[in-house]
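The stops below can be selected one after another.

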Amino acid sequence: MNEPLLSVRDLRVVFKMATGEIEALHGVDFDFEPGSTVALVGESGSGKSVTAASILGLLPYPQASHPGGSILFEGEELLGADEKTLRSVRGGRIGMIFQDGLLFPHLKVAGNIRFGAAPDKDLTGLIETLELSNLLERYPSELSAGQTQRVALARTLAAEPKMVLLDEPLASLDVTGRSRARELIAAALAENLSGALIVTHDPVDAFALAQRVVVMENGHITQFDSPAAIQSRPQSRWVADLMGWNIFRGVGRGASVVTPNGTEITTTGLESDGEVAVMINPASVALFPERPVGSPRNSWLCQVRGVQLLGGVARVSLSGPLNIYADITSGAAAELGLNEGTEIWVTVKATEVHIESQPGGE
C-alpha cells in the first residue's frame, strides 16, 4: 500500500476569543493516497476552511492554536515545524488556488502560466487541456471568472507541486460555465498532479471532481467515502438532505417510527426509542397501480403531485400519509401513466429505512 501523500490525524483547532475559547475542529482525521483527488465539503462554519488553513499554515496565530493532532505531508510533520520546513514543504510542494485566482495583473496569460515553471518545461499540453491557447496574449483584466480560474490552475500546475489545494474553484462561475469547467479541471488534475484537495460547499463540484469526499459538520468528519457510497447511504441528515433523500421526523418505538400525523414507518429495529429522523432514498421507493400482494407494512395509498424528468430518471412527487419522492425510470413512469392526481400505491422495504437518532443536532 502506498504511503499517504497527506495525513491529518486527530486535528483539533481552538480559537481564542475575547469572550473565551471556541473549538473549531474536534479531532479531524483523514488521509489520501498519491494521485487521488479528495474534496472537503460542508456548510459555512463546518470546519473545512479551518482544516485547509491548518494544512497551509495560514491560521492567525496566536488567535488560533492546535492543542492536539498532527499533519504529515510525505511523512514530514507540518504542525509545529520551523519556518524553513514550512517554506520547503508548503511553498515548494503544495500549490494553492484561491477563489479569485490572484493572477499577476501586469503579466499576460502566458507570463502568468510560465511564472514559477522550470525554464525548459513544455507547457503546451497543459495549456491545451485547459483550453487556454487562444488566451495567451490577454491580460487578467480581459478574462472571465472561469478563464481566470483555469489560468490560475495552469500557473500552479506548471510549477509541478506534489499537491494542489483549490478553495471553492467554481464558486464564481455561472451555471452554464460550471459543467465545462469541471471537465477541464478534472482532466488537468488527472494529467498533471499527484494529488488535489478541493474545498467546497457544493456537493455537485465535490462529487464531479473527487474520488473521495470528506463531509464535515460542526468541526467533525461525519463521512469519508466515495461519492457513490455517500449518495447511496448518507450517514447524517444533512448529507441525506443534500442528496435529495426523503427525510421525516418521528418518535421511535421498538421497530417502528411514528410521524407527527400518526403514520407508522417500519424499520429493521432501533437502537433506542425517542426522537429520530427517518431517511429514505427515493430510488428505494417503489410504486404500484394496485395494492401490493401481501400488504407490506410500509405501504401507503398516495396521489401524484408532479413528475420531473431528469435524463432517464423520473422523480415523482407524492402526497398522502407521507409526502414522499420516488425515483423510477422514465419508462416505468410512462407505463404507470402518472399524471397529477393519479392514485398510486407506495411501498418501502424496512431494510431501506435509515435512522438517525439525533436529527441535525436540533
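A salt bridge here is a side-chain nitrogen of Lys or Arg within 4 Å of a carboxyl oxygen of Asp or Glu. This is a predicted model, in which local features need pLDDT of at least 70, side-chain atom pairs count only at pLDDT 80 or more, and totals for chains, interfaces and linings use all residues. Residues are numbered from 1 along each chain as its sequence is written, and side-chain values use heavy atoms, with hydrogens and water left out.

Select Arg9 and Asp29: their side chains form a salt bridge (3.2 Å, N to O). Arg9 sits in strand β1 (residues 6–17) and Asp29 in strand β2 (residues 20–32), 20 residues apart; strands are DSSP runs (E, at least two residues) and helices likewise (H or I, at least four), numbered from the N terminus.

Next select Glu23 and Arg12, another salt bridge, at 3.8 Å, N to O. Glu23 belongs to β2 and Arg12 to β1.

Move to helix α1 (residues 48–56), where 8 of the 9 residues are buried, so the helix is largely enclosed by the rest of the structure. Buried means under 20% relative accessible area, exposed over 50%, partly exposed in between (1.4 Å probe, protein chains only). Lys48 is among the buried residues.

From there, select Glu168, in the loop between β7 (163–167) and α6 (175–192).
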